[in-house]
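Student: I would like to learn how to read a model like this one, feature by feature. Could we begin with the sequence and the structure side by side?

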Amino acid sequence: MNPFEQLLENNKVWAAQQVARDKDFFKRLQDQQAPKFLWIGCSDSRVPANEITNTQPGEIFVHRNVANMVVHTDMNLLTVLEYAVKVLGVEHILVVGHYGCGGVRAAMTQTNLGIINPWLKHIKDVYRLHKDEIDALETHDQQVDRLIELNVVEQVNNLAKTITVQETWFKEKRPHLHGWVYGLNNGLINPVYHMPPCTPQDPIYEFEIK
C-alpha cells in the first residue's frame, strides 16, 4: 500500500471510531464551529495543536507557518486572525513555538536558503535585538532555545500591534494573547508570555479607535 493510500485507510478507521464513541460527533462539527482559541504555530509536523493539548476537532482554530511568525504583511495570517477574532469570537490567541525549531536555528546562520531568506529575516531581526543576551549563553542549543522563546514573545507583541486585536480589545476586552513553547523532548508546554486585553503599547503602534 502506498503511503497516501495508508492515510486514506487511517481516515476510515478514525471516522468509524469517532462514530462508535459518539454517533452525533460529525453532525455537531458540521453544524457549528465555536472555538475559544486561535493557535498560531509552527508548521513542524511534530507539533499538532489538538494532540498536544488533548482537545477535539472544533475546539482550536489553527494557523501554521515556519517558526510561528506574525508578519504584518502576511495576508494569510491577517485573514485568519480577522476571521478568528471578529467572526468566531475567540477568547485566546496562542503563539506556540517549539524548542529545537529548525527555522529559528537557520535564522542564526548566514546560510543562503533561497526563497526562505526573506521569511527568516524577521527572526534575524529578533536575534539582533537580543544578541547580547543570547550570545552570552554557554551552548549553541541554549542560544537557539532562548531565541525561540524571545521570538514567541516578539510575535505576541506583533499581534498586539494589529488593528484587529486593538479594535476588539477596545470594544470587547478580548482576546488574551499568550506565548508558549512546546518541548519536543518531554511533550510539555512552557508558557513564557501573557498579554491581557488592553495592555498598553508604545504609542506609535496604537491606533485611534472610536
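Student: How many helices and strands are there in the chain?

Tutor: This is a predicted model, in which local features need pLDDT of at least 70 and side-chain atom pairs count only at pLDDT 80 or more, while totals for chains, interfaces and linings use all residues. Residues are numbered from 1 along each chain as its sequence is written, and side-chain values use heavy atoms, with hydrogens and water left out. Helices (H or I, at least four residues) and strands (E, at least two) are DSSP runs, numbered from the N terminus; the chain has nine helices and five strands, in the order α-α-β-α-β-α-β-α-α-α-α-α-β-β.

Student: Which residues touch the most other members of the largest nonpolar core?

Tutor: A nonpolar core is a set of buried Ala, Val, Leu, Ile, Met, Phe, Trp, Tyr and Cys residues joined through side-chain atoms within 4.5 Å. The largest has 40 residues, and Leu38, Ile93 and Leu177 touch the most other members. Helix 8 gives the most to this core, namely eight residues. Another core, of nine residues, lies apart from it and includes Trp39, Val47, Ile60 and Tyr182.

Student: Which residues does Leu38 touch, not counting those up to four places away in sequence?

Tutor: Contact means heavy atoms within 4.5 Å, and with that exclusion Leu38 touches Phe61, His63, Val80, Leu81, Ala84, Val90, His92, Ile93 and Leu94.

Definitions and conventions. Buried < 20%, exposed > 50% of the residue type's maximum accessible area, 1.4 Å probe, protein only.
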